[in-house]
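Open the model in your viewer and keep the selection tool at hand. The stops below go from a sheet to its salt bridges, then to other parts of the chain.

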Amino acid sequence: MSNKNKPSGPKNTISHYFSASPAKVVEPPTTTETLGKRKRESQVVDLTLESDDDEGQPATKRQNASNQFTRPAGAIPSRPKDSESPLKKRFRYIAPDEEDSSPPPVQDLQTRARNEARRKQLKETLKQIQRSSSAGAEDEFDEDQQTQTTGSEQDEENGGLTSQLRKKFSSNLALSRQESKKSTGKGKRKGEEIGPSGQPYTPLELQVKQLKEENPGTLLLFEVGYKYRFFGEDARIASKALGIACFMDRNFLTGSIPVYRKMIHTKKLLSLGHRVGIVGQTETAALKKAGDNRSGPFRRQVTELYTATTFVDEMESLDENDLFNTGAALLCLAESLMGGMGPDDRVGFGLVSVIPSTGEVVYDQFSDVAMRTELETRLAHIKPCELLLPATGLSSHTEKMLKHYAGSGSARIERIEDALHYTDAFEYLHQPFNDVLDLPKPVVVALAHAVRHLRAYGLSNAFRKTTFFCPFMTRSHMLLNANTLTNLEIFQNQTDYSRKGSLIWRVDHTKTKFGSRLLRQWISKPLVNKRLLEERFQAVEDILNTQSAALVKLRTVLKGLPDLTKGLSRIQYGKSTPKEVATVLTALQRVANEFDLIDKPQDAGLKSPLLNDILFTLPRLREPVQQFLNDINVTKAHEGELTDLWRDSEKYPEVDDAKMLILSIELHMQDHLKEVRKILKRPTLNWVSVSGVDFLVEVPNSEKSKVPENWNRVQGTKKVTRFHTPEARQRISEREQLKETLQAVSVKAFEKFQAEINAEYGLLCDAVNKLAVADALASLALVATEDGYTKPQIVEDDELEIVKGRHPLIEAISSAPFVPNDIALGRRTNLAMVITGPNMGGKSSCTRLTALLVIMAQSGCWVPAEHARIPLHDAVLTRMGASDEIQRGRSTFMVEMSETAEIIQSATERSLVILDELGRGTATWDGVAIATAVLDHMVSVIRCKTLFITHYPQIGVELSQKYPGLVANAHMGYLEEELADGRREIHFLYRLQDGVADKSFGVECGRLAGLPEVVLAQASRKSAEWEERERSLHLRSTLKDIARVSTSSSMHQAISLQKLKVTIGKMIARR
């Protein structure tokens, strides 16, 4: 082929729309046969085509994307005018008004029809492009004048197609050049914000900056690709808390975690008191491609916001953190001043506590003194993880107490900036809660604040059923204060603060999590109502002794039950998953089907009213639960499938409509497959799916010449190449959008279904509560089967008698046998007992076992003793140990005195009080004086049962003589052995014996602790010296009294003689 003939210049015409890929210019001229053997090149739309005068010119080579509309002069070899290339003949455009003298061949007619269809499709596509493209795009073509085509006449003939294509592609080219400038750092736009690194903020960084400004005080976790990332100070905090790497990336510190670890790390941050926000991508790739944000970053916003209390964990979570197992509580307080010795000496509180994960709501109204002991007790019981407090208005004593609690327990404090008054709070609650009139005014204010706070997290449904609100204090329960819970190790031991070694660890043999939570409440709030307590004892006895088939089924059905309370709460908030809903419903169905319907509770045939009521309630779940199960495909639900969840397609028709639209596209693609088969002449061809890409046409590389030029190459191998047809690309895009629509309507339908279940929340929750009662009773029955445990006898009088009682915790942990002891307290025996004895002799263990056995008995539990006769106590009050509270400005002795003052104010004649070594935190004689006065007050004024441990034997001697028959002396037995080297060795008997111990053997205890012998020898000499000195002083004082008596009058003589007897008695006791 010759290159001499060059095109004289372009004409205003478009010869075709799709130009074939250029081939190398070779001689002889290209034929159809040789063309079929060449490899197919990727095609582009070329608008700058040769004129009619250059019909013999071959197709040009594809230019670079940045210069695809320019063609330098002389770059195209000429062809004889009379000759026509096979490629041009194949793609020849025929204008509508063109007449052909000779009848075209059949192949040309097919080609013309195909090109006409492509032209119509392209015009329709351009109309869509016009609607989606921004107005006013400037033409930035940089073309050589030699290759520009005005073509107004041809443009009119083609419906303006040429100018539209030119405008669209020029806009794309301009955008491409702008992006290129951005990536190279050249041509910075005016007003571009520069970051700390000196570089402009990227679009993602601008999103991060904006969202962090909108959410102060929240750790934000951004979804970026296949990771979640922290930015800025959040990354530094997360790095320390989670142990992840933190580094500088452009303008922000950043750290990242994998997607599958999101919830694990979120829980860790929540347990440390942080608020965490999850920033998710709010548009998918398909929506982004179809929308007006094609060139920008994914749109993001805070999709999830959590604190420790508002995080409702999955029902079957395996997390061992008690924070998420037992439920994290939110506590809201409203305070009012009540006067007193100072402006905030006495205050009144309204309290509302809610555990969103279980739906438990507790309220209370109470007054408190300056030490805020009542508030401290409620904090110890509820253990809130988040405190919702007014920003201003709280008293200084209350603020100090709450800040101390939050600092020691990693609790989060959330402030209310616009606190409501009672009128506003009542109006806020009146519509959703019609029965708020029954609540005290401070409680209404606290409730309004709590509802408003949780509404921001989508959890306000926790307050929907006010019938399940529980008062914190009732007349049927004893309230154990904070010191008692700690000193008696009710919930955690005092060694490593774990659950092992506590009373709840000892008695909790429940099978379900909701049963364990209920048993915890029973232990922390023992019963003071004898009728309720006897009902609980009767239920335990029925479980132990009755061979009822129903009870056997009840014990069996409890095994393997999920956390139904948490599951119902998640359904109530609309946060449940299909798997969780199916799990809850199938579990309830299994429970309901185990028992037969009965007309009334008595028909169950058991002695226990509690068990009869349980067996009456559970079968009534059968009908509503079965209706819900009939609506869903349980198998699909367990697989987490939302779109195919419903058995009846008419229940939620919008889901079926979306599925039908997707099906129509797939049917259309089956029809389109027939066309593809004809084009490729392969009757057995089928669509191929590879790596998640559907509707691929797989063509052997040897047959690529048969593939039309407008097909898009997707992927290939050595043997085959896979293509998408234009129709497939369009239909795939439509299908992806419809799939997202289907997912959205499926989520809405599932939310409606959860609302339907929630309409039966009262019935379902009542049944779950009954199951929890059954589980707790079964746990108490297991405790009763252990060796040496006996049923306590609850009596009306005031006599406490324990025969061979054992400490339930020491006995369970220690391998050595526990030495049992007898305790007797009461007005007919001894109202108070002063216990002395050597250190490490078992004084504290003896008093603790008494208190623990009282708590166990009034909780409905069997006790470790040979016999126990226990009256109902309204409180168990303890003052034990020594500790200071520096943050609250309280020394060790101040803490000791404060706790003693609380006991004196709270105790009644039905209370059991334990005082351990009172007065040791100050000077000896001050301590003796305070201890004597306190015990005297307990015996003479309050008249409560008291166990008093001391190393001052004179206290017991004096008060036993002052109150004979009311105060008794006892000591822990021991044997003293003097060794050949002069040292003494003590053997502890751990047996409570009558009388006063004359020595405490502190030096011997120091020897057991490992003090050096030099120190111990000096301590022994000093102890003997001071003991002799005190004895001499007492003897001298006695002689003076004798001399004075001998010279006094008869009346004064009698008084002095009485005093002398007391003094001599003390001396004898010391000896």
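Two strands count as paired here if DSSP finds at least two bridges between them. Keep in mind that this is a predicted model.

**Stop 1: the sheet.** Select β18, β23, β19 and β20. In that order they make an open sheet of four strands, with mixed pairing. Which strands stand at the edges? They are β18 (793–795) and β20 (821–825); each has a single partner strand, so one side of each lacks a neighbour in the sheet. From one strand to the next, the twist averages 20°.

Now zoom in on β19 (residues 800–805) and β23 (residues 867–871). They run antiparallel and are joined by three bridges. Pick Glu-801: its bridge partner in β23 is Arg-869.

**Stop 2: a charged network.** Show the side chains of Asp-797, Glu-799, Arg-828 and Arg-869. Salt bridges link these four in a network. Arg-869 is also the bridge partner of Glu-801. Across the whole structure, a search finds 44 salt bridges.

**Stop 3: α25 and α26.** Select α25 (residues 653–680) and α26 (residues 726–758). Start with Lys-752 and Glu-654, which form a salt bridge with the closest N and O atoms 3.7 Å apart. Lys-752 sits in α26 and Glu-654 in α25, 98 residues apart. Lys-752 is partly exposed, at 45% relative accessibility. Glu-654 is partly exposed too, at 26%.

Next take Glu-666 in α25 and Arg-735 in α26; the pair ties together parts 69 residues apart in sequence. Their closest N and O atoms are 3.9 Å apart, in a salt bridge. Arg-735 is buried, at 6%.

**Stop 4: α8 and what follows.** Select residues 262–271, helix α8. Its buried residues include Lys-262, His-265 and Leu-269. Just after α8, look at Gly-273, where phi is positive, about 95°.

Move on to Arg-275, in the loop between α8 and β5 (276–281). Its side chain meets that of Glu-414 in a salt bridge (3.2 Å, N to O). Glu-414 lies in strand β11 (residues 412–416), 139 residues from Arg-275. Arg-275 is buried, with a relative accessible area of 14%. Glu-414 is buried, also at 14%.

**Last stop: an annotated stretch.** Select 911–927. The unreviewed UniProt entry annotates these residues as "domain: DNA mismatch repair proteins mutS family". The stretch is 24% helix and 35% strand. Its end C-alpha atoms are 24 Å apart.

Notes:
Residues are numbered from 1 along each chain as its sequence is written. This is a predicted model: local features need pLDDT of at least 70, side-chain atom pairs count only at pLDDT 80 or more; totals for chains, interfaces and linings use all residues. Side-chain values use heavy atoms; hydrogens and water are left out. Buried means under 20% relative accessible area, exposed over 50%, partly exposed in between (1.4 Å probe, protein chains only). Helices (H or I, at least four residues) and strands (E, at least two) are DSSP runs, numbered from the N terminus. UniProt positions are given in the numbering used here, feature names are shortened, and annotations may be inferred rather than shown by experiment. Axes are lines fitted to C-alpha atoms, for helices over the stretch in contact, and angles run from 0 to 180 degrees between N-to-C directions.
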